[in-house]
Amino acid sequence: MRRRVCVLGAGVIGLSSAVFIQDLIPDVDVTVVADTCTPFTLSDDCAGLWMPYLVDLTDKDVMRWSSDTFDYLKSLGHSEEAGDAGIQFVSGYYFVRESAYTGQEPPWKDLVVGFRKLTPEELQISPKARDGYFLTTVIMDVKRYLPWLTKRILDRRGRIQNRKIQNLDELTEEYDVVVNCSGMGANQLCNDSLLRPLRGQVIKVSAPWVKHFYINPDPTDEHKEVYILPGPYDVTLGGTGQLNDWNIDMDEKDKQRILKDVCKLVPSLRTARQLRDWVGLRPLRSPVRLEAQKLPGKKTVIHNYGHSGSGVTFHWGCAKDTAHLVQLTLETHQLTSRM
Ligand SMILES: Cc1cc2nc3c(=O)[nH]c(=O)nc-3n(C[C@H](O)[C@H](O)[C@H](O)COP(=O)(O)OP(=O)(O)OC[C@H]3O[C@@H](n4cnc5c(N)ncnc54)[C@H](O)[C@@H]3O)c2cc1C
């Protein structure tokens, strides 16, 4: 009999995990269960840039997941699928403020393409920069990427079920293995106090003349992130990083501060047409929870949540680890049921 795997969550983490499980273990039935699907998940509206952000860069797993994901996105970007999957390359500036300056280059510098230090002239672009780099990375249109993943799941006879879960037991009773990719939803489902919201507010504008990204993070001030991220259809202007703030309404003060700061970097943004405001809650957890939890009885839940500001940046590496944990769990079940 074919074994049944349930993936809870249809954001970038859940859908990529489902695809990887189908690739690695073709003889299982995969069902994705979610109360929100594309185009309405948190993942759909995020900027989609590959860049380890708001995560612990000394964590070896973080670097491995980032590296696996970048390699995968790079080859997808060079393939004929790039357009359908919404993948494109983007180059730009990463500034380092005085408050973040350590004298060391970022540990991800060898993962990206064409990493180099900024010239003194380029450094003038950001008035507060102490140092900075120019590099090429990948940005995805997540609203295109998630349907592309969904199609892959359905093409291999996977299922998507739209329903809300109150308790993980509802799924463990029905399936051989449950994979928990519920993002911020894990806060209630797992009662996990390490998982906290990190509020991010952005403005989406139309500014087709802006082709480079500009990132100017400030780890010392939760209201002072500045970034300009051009996607294929709009440019994301940000942002904020407010810890333990559950407010998903737009805040006018945050908005005016963002507009002021981005215009200091790129003055022509003053004339950009504003499309919409957006607020999302990053599922912050240090470390990311990616592990198997054995429940009383024979059932196992594989957790894969808490990717903070780097869900897109980590997703394929995390999907790979998750799929291998599912495979191991099914093999162990098979052995113990024979005994
Ligand atoms: C302003 C902002 C900008 C960002 N930009 C970037 C970026 O450029 N690059 C990057 O790497 N990351 C970025 N991020 C972070 C990124 O958005 C997240 O890390 C990522 O979306 C997390 O994906 P996820 O699949 O875990 O969560 P989600 O996309 O939230 O998906 C969770 C899924 O679980 C389901 N679910 C939860 N609970 C239940 C339940 N009880 N019953 C049924 N279903 C349930 C939901 O319906 C949903 O389908 C940004 C975040 C913000 C806020």
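Reader: Which residues of α6 are buried?
Author: The model is a predicted one. In α6, the buried residues are V142, R144, Y145, L146, W148, L149 and I153.

Reader: How many residues does helix α6 have, and how far does it reach?
Author: Helix α6 covers residues 142-155, which makes 14 residues. From its first C-alpha to its last it reaches 20 Å, close to the 20 Å expected at 1.5 Å a residue.

Reader: What comes just after α6?
Author: Just after α6, R157 takes a positive phi of about 65°. R157 is a residue other than glycine, and it lies in the loop between α6 and β6, the latter being residues 159-162.

Reader: Is R157 buried or exposed?
Author: R157 counts as exposed, because it has 9 C-beta neighbours inside 10 Å. The cut-off for exposed is 12 or fewer.

Reader: What about S308, and where is it?
Author: S308 is in the loop between β14 and α10. Its phi is positive, about 50°, although S308 is not a glycine.

Reader: Buried or exposed, then, for S308?
Author: S308 counts as buried, because 23 C-beta neighbours lie inside 10 Å. A residue needs 20 or more to be called buried.

Reader: Let me change topic to the peptide bonds. Which bond is cis at P39?
Author: The bond from T38 to P39 is cis, with omega near 10°. P39 is found in the loop between β2 and α2.

Reader: And what is the peptide bond from S286 to P287 like?
Author: That bond, from S286 to P287, is cis as well, and its omega is near 5°. P287 lies in strand β13.

Reader: Now the ligand. Which residues come nearest to it?
Author: There are 41 residues around the ligand, and of these G11, G183, G185, G200 and G311 come nearest.

Reader: Which helices and strands supply at least two residues of the shell around the ligand?
Author: The helices are α1 (12-24), α2 (42-45) and α10 (311-338). The strands are β2 (28-34), β8 (196-206), β13 (273-294) and β14 (300-307).

Reader: How do the residues of that shell divide into nonpolar, polar and charged?
Author: The shell around the ligand has 18 nonpolar residues, 20 polar ones and three charged ones.

Reader: Stepping back, how many helices and strands does the protein chain have?
Author: The secondary structure of the protein chain comes to 10 helices and 14 strands. The chain is as compact as a globular protein of its length, because its radius of gyration is 20 Å, close to the 20 Å that the globule rule gives for 339 residues.

Reader: What box do the C-alpha atoms fill?
Author: Taken along the principal axes, the C-alpha atoms of the protein chain fill a box of roughly 70 × 40 × 35 Å.

Reader: How much of the protein chain counts as buried?
Author: Of its 339 residues, 47% count as buried. As for contacts between residues at least 6 apart in sequence, 76% join residues at least 24 apart.

Reader: What separates the C-alpha atoms of E252 and I215?
Author: The two C-alpha atoms are separated by 22 Å, and E252 and I215 are 37 residues apart along the chain.

Conventions. Residues numbered from 1 in each chain as written. Predicted model: local features only at pLDDT ≥ 70, side-chain atom pairs only at ≥ 80, totals over all residues. Helix = DSSP H or I, 4+ residues; strand = E, 2+ residues; numbered from the N terminus. Expected span 1.5 Å × (residues − 1). Near = placed C-beta within 6 Å. Nonpolar A, V, L, I, M, F, W, Y, C, P; charged D, E, K, R; others polar. Rg over C-alpha atoms; globule rule 2.2 N^0.38 Å. Contact = placed C-beta atoms within 7 Å.
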